[in-house]
Amino acid sequence: MWTLDGDGPLYQQVYRAARRAILSAELAPGTRVPSTRGLARDLGVSRNTVILAYDQLFSEGYLAAREGSGTFVASNLPDDLTESIRSDRGERRQADIFSPRLAAYGRRLVDLSDRQPLTWEARAAPLSFDFRYGRPNFFDFPHDTWCRVLARRARRASVKQLDYGPPAGRDELRSAIAEYLWRSRGVVCTPEQVVVVNGSQQALDLAARVLVDQGDRVVIEEPHYPGARLAFECAGAEVVAGELDGDGLRVDSLPADRPIRLVYVTPAHQFPSGVNMPVQRRLEVLAWAEKVDTIIFEDDYDSEFRYSGRPVEALQGLDRAGRVLYSGTFSKLMFPSLRLGYMVLPAALVAPVVAAKAVCDTGCSALDQVALADFMQEGHFDRHLRRSRTRNAKRREALLHALQRYLGDRVEVSGVNAGLHVLAWLQGFAARRLPALRRRAAEQGVGIYPVSPYYREPPKRAGLLLGFASLQEREIDEGIRRLASVLDGES
Ligand SMILES: Cc1ncc(COP(=O)(O)O)c(C=O)c1O
C-alpha cells in the first residue's frame with residue numbers, strides 16, 4: 001500500500017499518495033480505485049480523510065465516477081504525463097524532460113550573454129581594495145534621510161499610490177526629473193517627454209524593441225558598453241563599431257552603403273575610454289544624423305561627476321530636430337538597486353515607448369518613485385550630489401596621485417575629467433599577462449578589471465578600468481601601492 005509523506009494535513013498526504021500512484025501508472029487509467037473504507041483502513045486514517053482526498057482528485061480530473069459501478073482513474077490522462085513522474089514525492093522535474101525550443105531572440109540572449117560580461121558579478125569574498133567600476137560609494141548616501149522620506153510616503157500611502165500607476169511613471173517624479181535635467185544638463189523637455197524606467201539598461205532594451213528590426217544596422221562606439229551591444233544585438237541588429245578619436249565618435253568613419261537605424265553614444269564621458277565629446281563634434285554628429293536620417297541614443301550615465309573643464313550640455317539640448325533619445329540613471333547618484341532611471345523622448349516616440357514599458361512591467365514601483373520625487377523636491381538630492389561630487393573629486397585626485405607616485409611612467413591614464421572611473425594602460429605589460437596579474441593582486445586584496453571585455457578586438461596592451469568611487473582615499477592609495485608591488489614581482 002501507499003506510504004504517506006508526513007507533510008501537512010492528512011487528507012493532502014493521501015491525495016498526494018493517490019496522485020503519485022496514478023501518475024506513475026501504478027493505478028492505470030480506467031482502473032477502479034480502492035474504496036474509501038478499504039483505503040482508510042489500510043492507511044490507518046479516517047474515511048472522511050480519504051473522501052476529502054478523493055474529492056480533490058475528482059475536481060482536478062484524476063478520477064471519474066461511473067454510474068452505479070464506483071470510482072475509476074480517469075481514462076483520458078495522457079501517457080506522457082503519467083510516464084514523466086520520477087521523483088518519489090511525485091514532483092515533476094521539468095529540466096529532465098522538457099527542453100523548450102527558444103525563439104531567435106532567446107537563442108541570441110543565451111549566446112550573447114555568455115560572450116559578454118554583465119554588470120553584476122558575484123564574488124566569493126569581498127576584496128578590501130576593490131577597483132570595480134560601476135558602483136557609487138554606499139557610505140556617502142544619506143540613508144537616514146532617504147529612510148525618513150520613504151517611510152513618510154509608505155505610512156501615508158494614498159490609494160493612488162497603492163493602485164497600478166501610469167507606465168510612463170508618476171507625474172511628480174517626471175516633473176522633478178525634467179526640472180533637474182534642464183537645470184543641470186541643459187536637456188530641453190516637458191515632463192510628458194520623460195518616461196521613468198528601471199535603470200538605463202531598460203532604456204536601451206525599450207529603444208531596441210521599439211526602434212530596431214532584425215537586420216537593422218546600429219552603430220555603437222568602440223570600445224563600448226556591453227549592455228548596449230547586448231540589447232541591440234539581441235533585438236537582431238547588425239552592430240557596427242564606430243571609431244573614436246580624441247573628440248569621441250568619428251561620424252566620417254561610418255559606412256554609408258546602407259541605412260543606419262540608430263547610433264548609440266556616451267558623449268559626456270565615453271564608456272569606457274572617458275573621452276568627452278566637445279560641442280563642435282556634437283554639432284557634427286547631429287548634422288550627420290540629419291543627413292543620413294538616423295536616430296541618436298545618448299547614454300548620459302555618469303556626467304553629473306565632472307571635475308575639470310566646463311560641463312558640456314547634453315547632446316539632446318542641442319538637437320532641434322527631435323532625433324535624440326536621451327537616457328540617464330539614478331544608479332550612480334542614489335544606488336543601483338533602486339532600479340530607477342529615465343528616458344527623455346522625442347514627442348513621436350513617447351507613445352510607443354510607454355506602450356513597450358507597459359508590456360514589459362506595467363511601470364516602476366510607485367513608492368520608490370514618489371519618495372524619490374520628494375527627495376529631489378526637498379533638496380536632499382542636490383545636497384547629496386554636491387557632497388558626493390566633492391568626495392569623488394578627492395578620490396579621483398587620490399587615485400591619480402597614487403598612480404603617479406607608485407607607477408609613474410609605467411602607466412598612462414585617460415578619461416580623468418569626469419565620471420567614476422579612469423582607464424589606466426600599463427606600459428610594457430602585455431594584455432595576455434593580465435589574468436595572472438589579477439590573481440596575484442586579488443591575493444593582496446586588490447580587485448582590478450581589464451578593459452578588454454569592452455572591445456570587440458581586445459587590445460594587445462594591458463588596460464585596466466579603475467573605478468574609484470566605492471573606496472576611501474587611503475584605501476585607494478594602499479590599493480595602488482599593493483598593485484605596484486605585485487607588478488614589480490611580475491616584471
Ligand atoms: C555606460 C552605461 N550605461 C548604462 C548603464 C546601466 O545602468 P543602470 O541600468 O544601472 O541604470 C551602465 C551601468 O554601469 C553604464 O556603465
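Which residue forms a salt bridge with R152, and how far apart are the closest N and O atoms? The partner is D374, and the closest N and O atoms of the pair are 3.5 Å apart. The structure is a predicted model, and a search of the whole of it finds 30 salt bridges.

- D374 has a relative accessible area of 9% and is buried, because buried means under 20%.
- R152 is partly exposed, at 24% relative accessibility.
- Both residues also take part in a network of salt bridges that links R152, R153, D374 and E378.

**The D216–R261 salt bridge**
- A salt bridge joins D216 and R261, with 3.7 Å between the closest N and O atoms.
- Each partner sits in a loop: D216 lies between α10 (200-211) and β5 (217-221), and R261 lies between β8 (248-249) and β9 (262-265), so the pair connects parts that are 45 residues apart in sequence.
- D216 counts as buried, with a relative accessibility of 17%.
- R261 counts as partly exposed, with a relative accessibility of 34%.

**The R461–E412 salt bridge**
- R461 and E412 meet through their side chains in a salt bridge of 3.4 Å, N to O.
- This pair involves two strands, R461 being in β16 (residues 461-467) and E412 in β13 (residues 411-414), so the contact ties together parts that are 49 residues apart in sequence.
- R461 is partly exposed at 36% relative accessibility, and E412 is also partly exposed at 36%.

**Positive surface patch**
- Four arginines, R383, R386, R387 and R389, gather on the surface in a patch of positive charge.
- R383 is located in helix α16, which comprises residues 380-407.
- The relative accessible area of R383 is 40%, so this residue is partly exposed and passes the patch cut-off of over 30% relative accessible area.

Definitions and conventions:
Residues are numbered from 1 along each chain as its sequence is written. This is a predicted model: local features need pLDDT of at least 70, side-chain atom pairs count only at pLDDT 80 or more; totals for chains, interfaces and linings use all residues. Side-chain values use heavy atoms; hydrogens and water are left out. Patches are made of residues with over 30% relative accessible area and no salt bridge: like charges are joined within 9 Å, nonpolar side chains (Val, Leu, Ile, Met, Phe, Trp, Tyr) within 5 Å. Accessible areas come from the Shrake-Rupley method with a 1.4 Å probe; for residues, only the protein chains shown count as cover. Lys and Arg count as positive and Asp and Glu as negative; His and the chain ends are not counted. The place of a charge is taken as NZ of Lys, CZ of Arg, CG of Asp or CD of Glu. Helices (H or I, at least four residues) and strands (E, at least two) are DSSP runs, numbered from the N terminus. Buried means under 20% relative accessible area, exposed over 50%, partly exposed in between (1.4 Å probe, protein chains only).
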